[in-house]
Amino acid sequence: MKKKVLALLLSLAMLLALAACGGNNNGGSGGNADGQPSDSGAQEPTGGDTGTERKSIKVGLICIGDENDQGYTYNFIRGKDAATEALAAKGIDVEWVTKWNIGEDSSCEDANIELADEGCQLIINNSFGFEDFMLHVAKDYPEIEFIACTNQGSWNDGLDNTHNAFANIYEGRYLAGIVAGMKLQEMIDAGTITAGQAVIGYVGAFSFAEVISGFTSYYLGAKSVCPSVTMKVQFVGSWSDATAEANAASALADMGCVMISQHSDNTTPATTAQSKGAFHTGYNNDMISVAPEASLIGTRIDWSVYFEYVIEAVANGQSFDQDWCHGMDEGAVVMTELNEAIAAPGTKEKLAEVEEQIRSGKLQVFDTSAFTIGGQTLTTAMALDTDGDFTPDSEEAVFDGAFHESYFQSAPYFVLQIDGIEWLNAEFG
C-alpha cells in the first residue's frame with residue numbers, strides 16, 4: 001500500500017512539474033527558476049511572440065507614384081516592408097492602407113480624409129507637395145498623427161499632431177559624387193577625355209532647396225577628387241516624369257556631359273546615359289540592373305529607420321519628434337551597390353574612408369573652404385531665401401568653417417549657386 005501511495009505521489013509531482021514548465025510565459029520550456037532563459041538551446045518563438053500581448057496599428061501611406069517607378073516611391077515601399085518586419089519581431093503588427101499615384105492637388109486632401117475615416121492612427125505623406133493639403137485635414141483629426149516626409153511646415157505650425165521627417169541625404173550625394181569624380185579623373189589620366197571635358201550633367205526636378213543642396217553636395221564630392229570638374233543642371237519641373245527626365249539626360253549628354261546624375265524619380269536618366277555612352281550615378285535605387293554599362297552607384301534614404309521609430313511610438317502611446325532628421329549616423333542614409341566592373345580602381349576603399357570621416361564629423365560636406373560664390377568665400381548664410389529669411393528662426397548656418405545643412409530644421413535650406421555649377425534653364429516651382 002505504501003508503494004502504491006508513493007508511486008501516486010511521484011506521478012502527481014511529475015505532472016505538476018510539467019504543467020508549471022509548460023505554463024511559464026517568461027521562460028517557456030527553456031526557462032529556469034527565476035524565469036530567465038536557460039542554456040538548454042531552446043528556440044525563441046518566431047514572429048516576435050515572446051508571450052506578451054501583441055499590438056496592432058493601422059497606418060496610411062500616401063504616395064505620389066507607385067512601386068513600379070523603381071525609384072522614389074519604390075524606395076518608400078522598401079522602407080515600409082522592412083519596418084513592418086522589424087516591428088513584427090517586437091510584437092507590433094502593422095496594417096497598411098496605401099494610396100497610389102496621388103497628385104499634389106486636392107486629391108491629396110481627399111486621400112488624407114479617406115485614410116482618417118478608415119481608422120488609420122498614423123498617416124504618412126511621401127511627397128513635398130502634399131504637405132499643404134495634409135495640413136488642411138490634420139486640424140480636424142487631432143487624435144491622428146500626420147507626417148509630411150521631406151517637408152518643412154508641420155513641425156512649427158502650432159499643431160501637436162503634425163510632423164516633418166527627412167534624412168541627411170546630402171551625405172550620400174557627396175559620396176556618390178566621389179565615385180563620379182574618381183571615374184572622371186580616371187578618364188582624364190587615361191587620355192579618354194581632357195580635364196576640361198570632365199563635365200557632369202544633372203537632371204533636377206525643381207529648383208527647391210532639397211534639389212540644390214543635393215546637387216551641390218554631389219558636385220563638391222566630385223570636385224574633391226577631380227579638381228577640373230564642372231556641372232550643368234537641367235530642371236524638368238516635375239518630381240516624376242520619365243519622358244522629361246530622359247529628354248533632359250539626352251540633352252545634357254549632347255552638350256558633352258560624360259557623367260549624368262539626377263534628383264528625379266525614375267530610371268530613365270540611367271538608361272539614357274547608357275544609350276549615349278555616358279556614365280551615371282543614381283538616386284533612390286540601385287540602377288545597375290537597368291544600366292549595367294553606365295550606372296556606378298546610387299544613394300538613398302532608408303525610410304525603415306524612421307518608420308520603425310514612429311510606428312512603435314504611436315503603437316505604445318508615446319510622443320515622437322516633430323522634426324526628425326538623421327543620416328549615416330543611424331543608417332538612415334545608405335549607398336547602393338558599387339558597380340566595381342566599371343568604377344575607377346580604389347573607389348571602394350575611398351568610399352569607406354570618406355564615409356567614416358562623415359560619420360565621425362571630421363569631414364563637413366559644405367566646408368566653406370571647398371567652394372566659392374562669385375569668387376568669394378561664403379561667410380554668412382543669413383537672408384538666403386526669396387523672402388529674405390534663412391530659416392524659420394533666421395539662424396546663422398555658417399559657423400566653424402562650414403555651412404551646416406539641416407541643422408536648424410530637418411528639411412534642407414542650402415539654396416546658393418556656387419561656382420562651377422551652371423543652371424541651364426529657368427527655375428520651376
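**Close-up views of a predicted model**

**View 1. The largest nonpolar core.** Of the 114 residues in this core, Leu184, Phe215 and Ile311 touch the most other members. A nonpolar core is a set of buried Ala, Val, Leu, Ile, Met, Phe, Trp, Tyr and Cys residues joined through side-chain atoms within 4.5 Å; buried means under 20% relative accessible area (1.4 Å probe, protein chains only). Helix 5 (residues 169-190) gives the largest share of this core, 12 residues. Helices (H or I, at least four residues) and strands (E, at least two) are DSSP runs, numbered from the N terminus. The model is predicted: local features need pLDDT of at least 70, side-chain atom pairs count only at pLDDT 80 or more, and totals for chains, interfaces and linings use all residues. Residues are numbered from 1 along each chain as its sequence is written, and side-chain values use heavy atoms, with hydrogens and water left out.

**View 2. Surroundings of Phe215.** Leaving aside residues up to four places away in sequence, Phe215 touches Tyr202, Met231, Val233, Phe235, Ile421 and Trp423 (contact: heavy atoms within 4.5 Å).

View 3. Six strands in the order 2-1-3-4-5-11 form an open sheet with parallel pairing; two strands pair if DSSP finds at least two bridges between them. Strand 2 (92-99) and strand 11 (323-326) stand at the edges with a single partner strand each, so one side of each is left without a neighbour in the sheet.

**View 4. Strands 1 and 3.** Strand 1 (residues 55-62) runs parallel to strand 3 (residues 122-125), and four bridges join them. Ile62 stands opposite Asn125 in strand 3.

Conventions: Buried means under 20% relative accessible area, exposed over 50%, partly exposed in between (1.4 Å probe, protein chains only).
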